[in-house]
Amino acid sequence: MTKAEFYYEGSFIKGFSVKGHSGYAEEGEDIVCASVSSTVWMTVNGLENVVGAKVTYSATDANVTLDVYKESLSEAQDLLRSFREFLCNLSIEYEDYLTVKEVHENV
């Protein structure tokens, strides 16, 4: 199962992590994994190259984490919210293969 977590600071999404293989189908045939992977990298590239947000990210086999620098939080929100919305909708259709969780900082 793929597990996505979105980290919040107040009402701002300040980062995310996406971990694990969905297990929907064999490698190369897994439409859930392909959808998640494509939107993860679209979001990372969009934040860096289109929005111009300052971010740090790391990626290993089936794990991607991203953090947005505080000074870029505001400008990054539309893309991050769109990414979260896409994954939430996908998780409804493929609930056995993808979960999405929001983690709010205690303020």
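I began with the largest pocket: α1 and β4 (63-68) each supply at least two residues of its lining. The model is predicted, so I kept local features at pLDDT of at least 70 and side-chain atom pairs at 80 or more, while totals for chains, interfaces and linings use all residues. Numbering runs from 1 along each chain, and side-chain values use heavy atoms, without hydrogens and water.

I noted the terms. Helices (H or I, at least four residues) and strands (E, at least two) are DSSP runs, numbered from the N terminus. A pocket is an open set of points on a 1 Å grid over the protein atoms alone, where a 1.4 Å probe fits, with protein on both sides within 12 Å along at least five of seven lines; lining residues have an atom within 4 Å of a point.

α1 gives the largest share of the lining, five residues. I then looked up the sheet. It is open, has five strands in the order β3-β4-β2-β1-β5, and its pairing is mixed. β3 (55-60) and β5 (98-104) are at the edges with a single partner strand each, so one side of each lacks a neighbour in the sheet. Strands pair if DSSP finds at least two bridges between them. β1 (residues 2-9) and β5 pair in the parallel sense over seven bridges. A4 stands opposite V100 in β5.

Last, I checked the helices. α1 (residues 31-51) meets α2 (residues 73-93) through residues including V32, M42 and V51 in α1 and L79, F83 and L90 in α2. Contact means heavy atoms within 4.5 Å.
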